[in-house]
Amino acid sequence: MDLDVLLRGAAPPIVAVLLLVSLAGSRMLPLAMAIGLYVAYGLLKEWPALPHELWRDPNGVTWLMWGVVASATLAFAQRLRLLPARLVPSAATAVAAMSLWLTLSKVATRWSSVDVALHVGGGSVLVAATMLTVRQVIARRPAVSAQAIAVGLLLVVVLSLDAALLVLGKSAFLGQLCGAVAAALGAAIGTALWRRQFALRAVDGIWIGGAHALFLLAGVHLSYLPWWPAGLALAAPFLLLLVPRRLGQEHPLVWLMIAAPLVLAPIFAALWLAIPEPNPYGY
Amino acid sequence: MKSLLLLPVILVAVAMPTAAPVVPTELMGEHDWLVDAGHSSCVFRVKHANASWFMGSFDKVDGKATLDSSALEKGSVALTIATESVDSNDKRRDGHLMSPDFFNAKENPEITFKSTKIKADGKDLEVTGDLSLAGKTKSITIPVSFVGEGESRGLRRGYITEFAIKRSDFGMTYGISKNALGDDVHLIVSLELVQPK
């Protein structure tokens, strides 16, 4: 593991989470993740262009980063009760569509109308559905302590494996950014060691699910992640809906033992599919 | 909820611009030249692990120039290199080079150079122009040497240039911090211009 890259990519979200969540509670998690992701982008590559600059000179990966930040902002607004819970599905759908549209805006100029409808329109539906599914999975259990830690840890593993998949799909940078999101969630769970409880709210599913789907679709369209492994990984969170609702509420450990293999099996299959032929010399 | 999820498909199909139509080739004037892609090359070298010069090339170089031998300063050059034609003698590495870590080829399928000023020194040139690479544009000035002139299915004229750029200027910072790949990239561009008969 490259310590320098690890520090640039993982340290900013971890520091942001430790500071904000320790001081002001779990409701700061989306904001801390957004700050950490922004700083990680800046330290790993260059300070990202601001949205008004991107209108003139678009860059898909930068728009992707802002899309994940937007989904976190939505979750943060709902946690502060600035956004009514009933508006979250509509707002999440709008953020999903806008984020993917902007992320793919430059590559899509060379696509046919059918491809645009399929990849941008269909992809937006997929991102929104993933956001709402992860939100639903989190909402199925008590939001605090053991239950929240169980589902949180599983989602950290999912995002970390997404990061590995993106690296295998040729882009270390996309993988590092996805890893930064995983690091933020992992660090927040870590704060449960000295804080009384860790709370994961349903609305956090918006940015966690959004990051999962947006990064994988960016891996396909902006880099060279093949469709088969990406599709398997994209499908994984939906399998969590198969685990009975009451299991998560009454027996979090049993829930984890059933849910983990269910969601991780397709992602490990995706990793296996994406592993290239070995190159003894590296490059 | 279902209708809500279908909304992006409808909006995107209406809003997203589609592929631009192909512009017909301009009629050639007396001083207009085409780049003969089959006899033009772009080779690069970059330090690997601070140990050796690692070399690669772009296999598709195209473009056009307007050069009047009696008034070279009034000329212009426009080059286009297909980003996905990068060849580093390893397909896996080529894929990585095309990813957002380096050239971001899916978003930036072409590397372009457009001259903004030409200074003549005999038959040699000093060309200033905008180099667009990986989504960023920088003005660079490069020395261009005249190689020769001949006739083979049209009048032909050759130029060569060697220059270096910092890839970090174009947002390509992967591997610089640990010296896995150097920041300085040296390029040799050899052009054969032709005026077809």
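Which residues in helix 7 of chain A meet helix 10 of chain A? This is a predicted model, where local features need pLDDT of at least 70, side-chain atom pairs count only at pLDDT 80 or more, and totals for chains, interfaces and linings use all residues. Residues are numbered from 1 along each chain as its sequence is written, and chains are lettered from A and ligands numbered from 1 in the order in which they are written.

**View 1. Helix 7 of chain A against helix 10 of chain A.** On the helix 7 side, the contacting residues are His119(A), Gly123(A), Leu126(A), Val127(A), Thr130(A), Met131(A), Thr133(A), Val134(A), Arg135(A), Val137(A) and Ile138(A) (contact: C-beta atoms, placed from the backbone, within 7 Å). Their counterparts in helix 10 include Asp204(A), Ile208(A), Leu214(A) and His221(A). By class, that contact has 11 nonpolar, nine polar and two charged residues (Gly counts as polar). The axes of helix 7 (residues 113-139) and helix 10 (residues 204-221) come within 7 Å and cross at roughly 145° (lines fitted to C-alpha atoms over the stretch in contact, angles from 0 to 180 degrees between N-to-C directions; helices are DSSP runs of H or I, at least four residues, and strands E, at least two).

**View 2. Strand 8 of chain B with strand 9 of chain B.** These antiparallel strands, residues 124-133 and 136-151, are joined by nine bridges (pairing takes at least two DSSP bridges). Val127(B) sits opposite Ile142(B). Two residues lie between the strands of this hairpin, and Ala134(B) has a positive phi near 55°.

**View 3. Strand 9 of chain B with strand 10 of chain B.** Seven bridges link this antiparallel pair, with Ser145(B) partnered by Ile160(B). The hairpin has three residues between its strands, and Arg153(B) in the turn takes a positive phi of about 50°.

Note on methods
Contact = placed C-beta atoms within 7 Å.
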